[in-house]
Amino acid sequence: MSKEILIAGLDPSMNNFGMVKVTMNVDTGELSNPILFLSEALDQSDSKKVRQNSKDLNTATKHYKALKEFLVGVDLAIAEVPVGSQSSRAMASYGMCIGLLASIEVSLIQVTPSEVKIAATNSKTATKAEMIEWAFNKFPNAGWTTVKRGGILNLTAKNEHLADALAAVYAGLNTSEFKLAKAILSK
């Protein structure tokens with residue numbers, strides 16, 4: 001009987017937090033049954049009298065609750081951990097993302113944005129469109145976000161976050177931490 005584990009891939013961001021769950025057959029390494037979820041920042045554009053820090057706290061709380069619920073039953077999480085920032089606003093996003101990742105109560109493997117792009121496209125400079133195309137080709141029936149234009153369904157740009165979350169899983173499978181965990185589970 002094959003052992004299966006549930007792995008979550010995460011692409012944290014202040015505005016769009018991408019989350020993917022996949023089932024992995026430990027014996028074969030095959031990934032299946034993807035579940036996609038995108039936690040989007042609250043639309044607070046009409047609340048001009050609300051302080052920015054209050055808006056940020058509301059968004060962080062929304063992402064935290066979504067993340068906690070999404071991780072129920074997950075055996076392992078793999079996250080694309082953000083790197084430095086060029087502005088104070090980007091630094092606020094960075095801080096929020098690091099805090100959300102720190103709240104995770106299951107084992108977490110960290111991967112870099114470069115590792116994520118390489119795992120998906122074999123290129124550190126992959127575009128958002130290339131990442132989305134790669135992810136869609138892996139699991140075309142996963143429930144990607146689409147919009148109808150001219151009677152044709154098109155993938156939306158928001159799939160970037162879901163694609164990065166999926167690619168984080170593939171990047172994590174290449175880490176020494178995962179290889180050690182897999183060896184233990186295989187026995």
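Analyst: A helix axis, as used here, is a line fitted to the C-alpha atoms over the stretch in contact, and the angle between two axes is taken between their N-to-C directions, from 0 to 180 degrees. The model is predicted. Two packed helices are described by the angle between their axes and by the distance between those axes.

Start with H1 and H2. Helix H1 covers residues 52-70, and helix H2 covers residues 88-102. Their axes come within 10 Å of each other. They cross at roughly 30°. Angles under 35 degrees count as roughly parallel, so H1 and H2 are roughly parallel to each other. The crossing is right-handed. H1 brings Gln52, Asp56, Thr59, Ala60, His63, Tyr64 and Leu67 to the contact. H2 brings Arg89, Met96 and Leu100. Sorted by type, the residues of this contact are five nonpolar, three polar and two charged.

Now H4 against H5. Here the axes come within 8 Å and cross at roughly 65°. That makes H4 roughly perpendicular to H5. H4 passes H5 in a left-handed crossing. On the H4 side, look for Lys128, Met131, Ile132, Trp134, Ala135 and Lys138. On the H5 side, they meet Asn159, Glu160, Ala163, Asp164, Leu166, Ala167 and Tyr170. This contact divides into eight nonpolar, one polar and four charged residues.

Stay with H4. Which of its residues are buried? H4 runs over residues 128-138, and the buried ones are Met131, Ile132, Trp134 and Ala135. Viewed down the helix axis, these fall within an arc of 160°, so they line one face of H4. The other side of H4 has Ala129, Glu133 and Asn137, which are exposed. What covers the buried residues? The cover includes helix H3 (113-121), strand S7 (152-155) and helix H5 (159-172).

Zoom in on Ile132, in H4. Buried means under 20% relative accessible area, so Ile132, at 10%, counts as buried. Beyond its neighbours within four places in sequence, Ile132 is in contact with Leu155, Thr156, Ala157, Asn159, Glu160 and Ala163. Asn159, Glu160 and Ala163 belong to the H5 side of the H4 contact. Asp164 is on that side too.

Leu101 is buried, with a relative accessible area of 8%. Leaving aside neighbours within four places in sequence, Leu101 touches Leu10, Pro12, Ala79, Val81, Pro82 and Leu108. Leu101 and Asn33 are 68 residues apart along the chain, and 24 Å separates their C-alpha atoms.

Asn33 itself sits in strand S3 (residues 31-40). With a relative accessible area of 52%, Asn33 is exposed. Check its backbone. Most residues other than glycine have a negative phi. Asn33 has a positive phi near 50°. Asn122 is another non-glycine residue with a positive phi, about 65°. Asn122 lies in the loop between H3 and H4. At 66% relative accessibility, Asn122 counts as exposed.

Setting aside neighbours within four places, the contacts of Ile7 are Val20, Lys21, Val22, Met24, Val74, Leu76, Ile78, Val169, Leu173 and Phe178. Ile7 and Lys21 are 14 residues apart along the chain, with 5.6 Å between their C-alpha atoms.

Last, Asn25 in strand S2 (residues 16-25). Asn25 is buried, at 15% relative accessible area. Beyond four places in sequence, Asn25 is in contact with Ser2, Lys3, Glu4 and Glu30.

To recap the packing: H1 and H2 are roughly parallel, with a right-handed crossing. H4 is roughly perpendicular to H5, with a left-handed crossing.

How values were computed: Residues are numbered from 1 along each chain as its sequence is written. This is a predicted model: local features need pLDDT of at least 70, side-chain atom pairs count only at pLDDT 80 or more; totals for chains, interfaces and linings use all residues. Side-chain values use heavy atoms; hydrogens and water are left out. Buried means under 20% relative accessible area, exposed over 50%, partly exposed in between (1.4 Å probe, protein chains only). Helices (H or I, at least four residues) and strands (E, at least two) are DSSP runs, numbered from the N terminus. The arc is that of the directions from the helix axis to the C-beta atoms. Contact means heavy atoms within 4.5 Å. Angles under 35 degrees count as roughly parallel, over 145 as roughly antiparallel, 65 to 115 as roughly perpendicular and the rest as oblique. A crossing is left-handed if the near helix is turned anticlockwise from the far one by less than a right angle, and right-handed if clockwise. Ala, Val, Leu, Ile, Met, Phe, Trp, Tyr, Cys and Pro count as nonpolar, Asp, Glu, Lys and Arg as charged, and the others, Gly among them, as polar.
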